[in-house]
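Subject: Structure for your review

Dear colleague,

Please find below the structure that I am handing over to you. My findings follow it, and I would be grateful if you read them with the structure open.

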Amino acid sequence: MPFDPLNFSPPFGQAIGLEFMQIENGELTVRAPYAEHLVGDPDTGVIHGGVITAMLDNACGRVVQHAREHAAGTASGAIATLDLRIDYMGPAAPGKDLYAKALCYRLTRNVAFVRARAYTDDPDDPIATCVATFMLGTPSERPPESTP
């Protein structure tokens with residue numbers, strides 16, 4: 001069965017309400033609806049930076065799975081974030097949903113390279129940008145327990 005990045009969300013992504021919206025020209029768009037429990041500063045209503053980090057990491061991982069499927073015909077096998085570098089450029093606008101766009105711009109046999117940006121209203125006016133690398137083909141099952 002083909003991998004569907006729009007209908008897959010890991011538990012933490014579900015906990016913060018991530019919605020994988022669309023893939024267009026290899027670029028994935030994700031939405032995190034504004035919610036009071038995600039606010040980091042109650043005086044300003046600004047979403048916590050950790051939500052932005054998690055959203056960018058999730059968006060990057062999902063677009064890697066999508067790129068793998070299109071390149072190799074399968075998205076099987078786990079992936080792991082090797083590096084995630086985020087530049088925060090300003091706070092998210094209080095009361096507004098967050099969005100992220102992620103693009104896997106290079107895919108090798110073992111590593112994927114991704115760029116992403118988070119924004120509220122305009123993708124060309126990001127509140128954060130990131131570059132990330134992912135290791136492909138990580139073990140998806142635990143090794144059997146050894147017995148003494």
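Which residues have the most contacts inside the largest nonpolar core? They are Met55, Leu56, Cys60, Val64, Leu98, Val114 and Phe134, in a core of 36 residues. Please bear in mind that this is a predicted model.

At least two residues of this core come from each of β2 (27-32), α2 (49-72), β5 (78-88), β6, β7 and β8 (128-138). Helix α2 gives the largest share, with ten residues. In soluble globular proteins, nonpolar side chains tend to be buried together.

Apart from neighbours within four places in sequence, Val114 is in contact with Cys60, Val63 and Val64, with Ala102, Leu103, Cys104 and Tyr105, and with Cys130, Val131, Ala132 and Phe134.

As to the overall arrangement, the protein chain contains two helices and eight strands. Read from the N terminus, their order is α-β-β-β-β-α-β-β-β-β. The protein chain has 148 residues, of which 40% count as buried. Among its contacts with a separation of 6 or more, 60% are between residues 24 or more positions apart.

I turn now to the aromatic residues, where two aromatic pairs were counted. Tyr99 and Tyr119 make a stacked pair, with 5.7 Å from centre to centre and 20 degrees between the planes. Tyr99 belongs to strand β6 (residues 98-107) and Tyr119 to strand β7 (residues 111-119), so this pair ties together parts that are 20 residues apart in sequence. Tyr119 is buried, its relative accessible area being 6%.

The other pair is formed by Tyr105 and Phe113. Their ring centres are 6.4 Å apart and their planes stand at 45 degrees, so the pair is classed as tilted. Tyr105 counts as partly exposed, at 39% relative accessibility. Phe113 is also partly exposed, with a relative accessibility of 25%.

Where does the charged end of Arg115 sit? It lies over the ring of Tyr105, 3.7 Å from the centre of that ring.

With kind regards

Terms used: Residues numbered from 1 in each chain as written. Predicted model: local features only at pLDDT ≥ 70, side-chain atom pairs only at ≥ 80, totals over all residues. Heavy atoms only, no water. Phe/Tyr/Trp six-rings, centres within 6.5 Å; stacked < 30°, edge-to-face > 60°. Helix = DSSP H or I, 4+ residues; strand = E, 2+ residues; numbered from the N terminus. Buried < 20%, exposed > 50% of the residue type's maximum accessible area, 1.4 Å probe, protein only. Lys NZ or Arg CZ within 6 Å of the ring centre and 35° of its normal. Contact = heavy atoms within 4.5 Å. Core = buried A, V, L, I, M, F, W, Y, C linked by side-chain atoms within 4.5 Å.
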